[in-house]
Amino acid sequence: MTTIQAAILGMVAVVLAVQMKSLRPEYSTYLILGAGVIIAGLAVSSLDVILETIRIIGTYMEIENSYLGTLLKMVGVAYVVEFASGFCKDAGFASLGMQVEMFGKISILVISSPILLALLETLQKFMK
Amino acid sequence: MGVNLIFKIAAVGILVSVMCQVLKHSGREDQAFLTSLAGLLLVLFWIVPYIYELFETIKTLFAL
């Protein structure tokens, strides 16, 4: 499924969604949701190659595994939150999208707090 | 998977809108609402497994 096919898929979905907007507005939202899920599925399925290379790079540079895991977690949370809030905004409910984004930011902060503490501890060691 | 899901949703949308018009003009408002509800359920029935599969892959991929 090359990028060209994904692009065509997106454009076909948008054209159909515009057509549906006059007939039944809610069906254009379902169409966009369906197309978004399919294209996101294609993107994610071709993502495991990149994650594998990141892991290999991690082993070369002796980065502690938990930092890499947290980094990936943050990217995953950001991706899911972006997908959901974008869909909410497309459907016209920006406030809900903002709520989802806020929750995503908070969960990323929660995920990254141990790393922050570790950094401050090392800094404190240097200070002593 | 892929394009035919989008065409299926569009087809259900067009069918439901036509049926609703016919039902509305023949004076059966409530059945028109029920038809659109049925269309909604059908489309959701198709899309929810894909959404679940997408979020599962993201969860396993990023070790969330």
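I will go through selected helices, salt bridges, cysteines and backbone angles in turn.

Please bear in mind throughout that this is a predicted model.

I begin with helix H3 of chain A, which covers residues 48–60. The end C-alpha atoms of H3(A) are 19 Å apart, and this agrees with expectation because 13 residues at 1.5 Å a residue should span 18 Å. How many residues separate A:Arg55 and A:Glu52 along helix H3 of chain A? They are 3 residues apart, which is about one turn of the helix. Both partners fall in the middle class of accessibility: A:Arg55 is partly exposed at 35%, and A:Glu52 is partly exposed at 41%.

H3 also takes part in a surface feature. A nonpolar patch of about 600 Å² is formed by A:Ile56, A:Ile57, A:Tyr60, A:Met61, A:Ile63 and A:Tyr67. Which helix of chain A gives the most to the nonpolar patch? It is helix H3, with 3 residues. One member of the patch, A:Tyr60, is located in H3 of chain A. Why does A:Tyr60 count as exposed? Its relative accessibility is 63%, and the class of exposed residues begins over 50%.

Just after H3(A), the backbone of A:Glu62 adopts a positive phi of about 45 degrees. For context, most residues other than glycine have a negative phi.

I turn now to helix H4 of chain A, residues 65–90. It contains 26 residues, and the distance from its first C-alpha to its last is 37 Å, close to the 38 Å expected at 1.5 Å a residue. The buried positions in H4(A) are A:Leu68, A:Thr70, A:Leu72, A:Gly76, A:Val77, A:Val81, A:Ser85 and A:Cys88. Against what do the buried residues of H4(A) pack? Their partners in chain A are H3 and helix H5, residues 94–127. Chain B also contributes, through helix H2, residues 29–62. H4(A) is followed by A:Gly92, where phi is again positive, near 100 degrees.

A:Lys89 and A:Glu101 form a salt bridge in which the closest N and O atoms are 2.6 Å apart. This pair joins distant parts of the chain, with A:Lys89 in helix H4 and A:Glu101 in helix H5, 12 residues apart. Are the two partners buried or partly exposed? A:Lys89 is partly exposed, since its relative accessibility is 36%, whereas A:Glu101 counts as buried at 17%.

A search of the whole structure gives 4 salt bridges over all chains. Among them is a contact between the side chains of A:Glu26 and A:Arg24, at 3.1 Å from N to O. Here A:Glu26 is partly exposed, with a relative accessible area of 26%, while A:Arg24 is buried at 15%.

Next, the cysteines. How many disulfides are there over all chains? The count comes to 0. A:Cys88 counts as buried at 13% relative accessibility, and B:Cys20 counts as buried at 1%.

B:Cys20 leads us into chain B, as one of the residues touched by B:Thr35. B:Thr35 belongs to helix H2 of chain B and is buried, with a relative accessible area of 15%. Leaving aside residues up to four places away in sequence, its contacts are B:Val16, B:Met19, B:Cys20 and B:Leu23.

Helix H2 of chain B also holds B:Leu37, which is partly exposed at 35% relative accessibility. How far apart are B:Leu37 and B:Leu23, C-alpha to C-alpha? They are 14 Å apart in space and 14 residues apart in sequence.

Finally, in the segment after H2 of chain B we find B:Ala63. Although it is not a glycine, B:Ala63 has a positive phi of about 50 degrees. B:Ala63 is partly exposed, with a relative accessible area of 44%.

Thank you for your attention.

Technical notes. Residues are numbered from 1 along each chain as its sequence is written. Chains are lettered from A and ligands numbered from 1 in the order in which they are written. This is a predicted model: local features need pLDDT of at least 70, side-chain atom pairs count only at pLDDT 80 or more; totals for chains, interfaces and linings use all residues. Side-chain values use heavy atoms; hydrogens and water are left out. Patches are made of residues with over 30% relative accessible area and no salt bridge: like charges are joined within 9 Å, nonpolar side chains (Val, Leu, Ile, Met, Phe, Trp, Tyr) within 5 Å. Accessible areas come from the Shrake-Rupley method with a 1.4 Å probe; for residues, only the protein chains shown count as cover. Helices (H or I, at least four residues) and strands (E, at least two) are DSSP runs, numbered from the N terminus. Buried means under 20% relative accessible area, exposed over 50%, partly exposed in between (1.4 Å probe, protein chains only). The expected span of a helix is 1.5 Å times one less than its number of residues. Contact means heavy atoms within 4.5 Å. A disulfide is a pair of cysteine sulfur atoms within 2.5 Å.
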